[in-house]
Amino acid sequence: MEKLLEQIKKGTVWAFPGGVHPPQQKTLSNSARIARLPLPDKLVVPIKQHIGANGKLIVEKGQQVLKGQALSVPVANWSVPVHAPSSGTITDIASMPSAHPSALPELSIIIEPDGKDQWCELTPTPNPSELSHDELVDIIHQAGISGMGGAGFPTYVKADIKQPIEFLIVNAVECEPYITADDVLMREHAKQVVQGIELMQQILNPTLCIVGIEDNKPEAIAAMKSAAEHNANIVIQTVPTVYPSGGEKQLIKLLTNREVPSGGIPADIGILVHNTGTLFAVQQAVYEGKPLIERVVTVTGNTIHNAGNVWALLGTEVKHLLDCQGFSPVPQQRVVMGGPMMGFTLPTVRIGVIKTTNCILAPDHKELAEPGPEKACIRCSACADACPASLLPQQLQWFAKSKEYDKLQEHNLFDCIECGACAYVCPSEIPLVQYYRVAKVEIKEQQAEKIKADRAKERFDARKERLEREQQERQNRHKRKPAAKTPDEKQKVADALARVKSKSSDGDEKSAVAAAIARAKAKKQQGEELEPDNSEVAKERALRKEKARKYKEQKAAEGESSPTPDDKKSAVAAAIARAKAKKAAQAEQTAEPQSDEAPAPADDKKAAVAAAIARAKAKKAAQAEQEAEPQSDEAPAPADDKKAAVAAAIARAKAKKAAKAAAQAQQSDEPSAAEQTGEVEPENSQTHSPADDKKAAVAAAIARAKAKKAAKEAEQSAASEHSAPEHSNEPQTSSGSDSEQTASEQTAAEKKKAAVAAAIARAKAKKLQKEGNDQS
């Protein structure tokens, strides 16, 4: 730090990258003293002339005001008031064109001066060293002072900064061509500028104050050195004439060799920068008590006959300044507010001067030629070489045209100071600065929309949370509160605890157990007392359950009594018959392998197919029977009754026939297959399980099918025997061939087998029927 101070005091200056050397053209306006203009016919005072929020109006239409009287008061952060530039009457408060390239309307106060130029009561401070920090800041704030060299940053915000400041830099460079307002101000009012610097030193207490002035202003340098001789902490530093050395970051680099980080401010590195005009306004506010109502403006250009610097009241129309200085317009005349590098063409000259207006330029066509049509970029890199912020103007222009805002921010678009050096050196005449300005505005609009959306989402979430909380509170209010304990119940608990304590003297173990039991009982009792009394509800619930149970029993009794006795008996008999038939079928299957002659392979295949079909039909019948059983409570349909009666009759006929056949079979000498295998059960056999009943039903169905088939084949064979000799037309031969005899013998054997099988089936059916009757 000490080495840096020594270098600064020796006059060391460091270079910054880039920069250009446009023609200065300052001799047009710096040869004369600052002139005073006559009062204009009207003053258009915008209420916002700085960065930040608008002030609140405290005047109204038709009101008389005095010079220096406050027209608004600050109501928010970064808000400063505006004051009446002259005494007169407020004729209107309306939106008027603003001092901006777009000329968008701004709320303005229109004052008609009365010609008296009468001041309001002022409160000067002859000895400001006696004032405190806060008092000085408040004076600056109420005087409406904001930055007069660039963006219009509120001065009181910089004065009230909490960070320690090492260097206070005064920007007196004024590097842009044609502009000489700060130059002549330092020549004529160097003492007041130095007093303003000392006031800021009193507020900020910096280590050193550096005043940077370009070497093309020798008279201003001499005047400032003379005024600051008594203050050793003020250094007047001469810097080379390079544009844009007056940029804040570039000047810091020139004077201190420090660089402001990207996206940061000078205060981040312990540096604060003020403009010469701003410090003069601070001196006027503190020493004279005057608010900021006027400033020095350079009026120059080849169309101006009396080019020079004037004291312009804030709100004075540009037209009044031009007319007072001898304006001779040319066809398609341009009027620029600001310098030729960073200024902008005014859409109308009926725009008022504001706090940041330092120059009105009215050039002719030779002096400041109209830009030609934009051509394609030839990638010469001249723009990158001239950029003082070390940016890439070519890439920024591509991203700005394609609206790739993310990439613009990645390439540090907001580090651009819009100095115009890139556009000045571009051979293709591309308006690079205009692209950057548009992109900056669009990015700021997007950020503002995002902030608005985030705030809306926060409000929605807060509202949703509040509604849920209110709903929960409503639900909790409807819940039953625990019953409060009566004094008697509290006394019972206390007595129980006392008894436990009295018993504790009998022994440690007993007392411990008794105390534990007592605590458990007390806790349980206390819990029961806290719980609501639901005994009545429980009784009502038990009564309803009892009624429902009785109702179900009554319905069940009615359902059981609905079927007729015959149906019930027939259902039981059918189940028993199915069980026995199944067992008989199993016995028959066991007996078949014991027959004397093995069946032919074709018969086995047919029997297997028939058995499979029979099993499927039996399974289907059993399922239908099971599905029909739950519906037994309901009265059967008339058609079902008729079918059941017919089936019962057929079953009785078949059973009677089977019994008769079984009786005939018993008289024969040949025992049945069931008797040979010993599978006929005695009459007192026990009842089978439900699974055996199902299997018996299937076997019975198979047996019935086989018996029916055998009987049918027997009848057909008998019919064929009787009909053959009677109806044959051919004569009978006494001697047949051997093949005919063999066929007749086989037919007789098959008939015999069929008769035996039918007899066995009938015997089994009869026995099954008898057993079913016994069990029923």
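Modeller: Let us begin with Met224, which at 1% relative accessibility counts as buried in this predicted model.

Colleague: In which helix is Met224 found?

Modeller: Met224, with its relative accessibility of 1%, touches Met186, Ala190, Val193, Val194, Ile197, Val211, Ile213 and Ile236, leaving out residues up to four places away in sequence. Its C-alpha also lies 9.1 Å from that of His189, 35 residues away in sequence. The element that holds Met224 spans residues 218–227 and is helix α6.

Colleague: Which residues have the most contacts inside the largest nonpolar core?

Modeller: In general, nonpolar side chains of soluble globular proteins tend to be buried together. Here the largest nonpolar core has 67 residues, and the residues with the most contacts inside this core are Ile197, Val211 and Met224.

Colleague: And which helix gives the most residues to this core?

Modeller: The largest core numbers 67 residues, and the helix that gives the most to this core spans residues 190–204 and contributes 8 residues. Val211 touches Ile197 and Met224, among other residues beyond four places in sequence. The helix asked for is α5.

Colleague: How are α5 and α8 oriented to each other, roughly parallel or roughly perpendicular?

Modeller: Helix α8 covers residues 276–288, and its axis is 7 Å from that of α5 where the two pack. The angle between them is about 80 degrees, and because angles of 65 to 115 degrees count in this class, α5 and α8 are roughly perpendicular.

Colleague: Is Gln283 buried or exposed?

Modeller: Gln283 is found in helix α8, and beyond four places in sequence it touches Gln192, Gln195, Gly196, Leu199 and Glu288. The relative accessible area of Gln283 is 3%, and because the cut-off is under 20%, Gln283 counts as buried.

Colleague: How many disulfides are counted?

Modeller: A disulfide is a covalent bond between the sulfur atoms of two cysteines. Taking Cys426 as one case, its closest cysteine sulfur is in Cys380 at 6.3 Å, which is too far for a bond, although Cys426 is buried with a relative accessible area of 15%. The count comes to 0 disulfides.

Colleague: How far apart in space are Leu28 and Thr300, C-alpha to C-alpha?

Modeller: Leu28 lies in the loop between α1 and β1 and is partly exposed, with a relative accessible area of 31%. Its contacts beyond four places in sequence are Tyr178, Thr300, Asn302, Ala307 and Glu367. Although Leu28 and Thr300 are 272 residues apart in sequence, their C-alpha atoms are separated in space by 6.8 Å.

Notes: Residues are numbered from 1 along each chain as its sequence is written. This is a predicted model: local features need pLDDT of at least 70, side-chain atom pairs count only at pLDDT 80 or more; totals for chains, interfaces and linings use all residues. Side-chain values use heavy atoms; hydrogens and water are left out. A disulfide is a pair of cysteine sulfur atoms within 2.5 Å. Buried means under 20% relative accessible area, exposed over 50%, partly exposed in between (1.4 Å probe, protein chains only). A nonpolar core is a set of buried Ala, Val, Leu, Ile, Met, Phe, Trp, Tyr and Cys residues joined through side-chain atoms within 4.5 Å. Helices (H or I, at least four residues) and strands (E, at least two) are DSSP runs, numbered from the N terminus. Contact means heavy atoms within 4.5 Å. Axes are lines fitted to C-alpha atoms, for helices over the stretch in contact, and angles run from 0 to 180 degrees between N-to-C directions. Angles under 35 degrees count as roughly parallel, over 145 as roughly antiparallel, 65 to 115 as roughly perpendicular and the rest as oblique.
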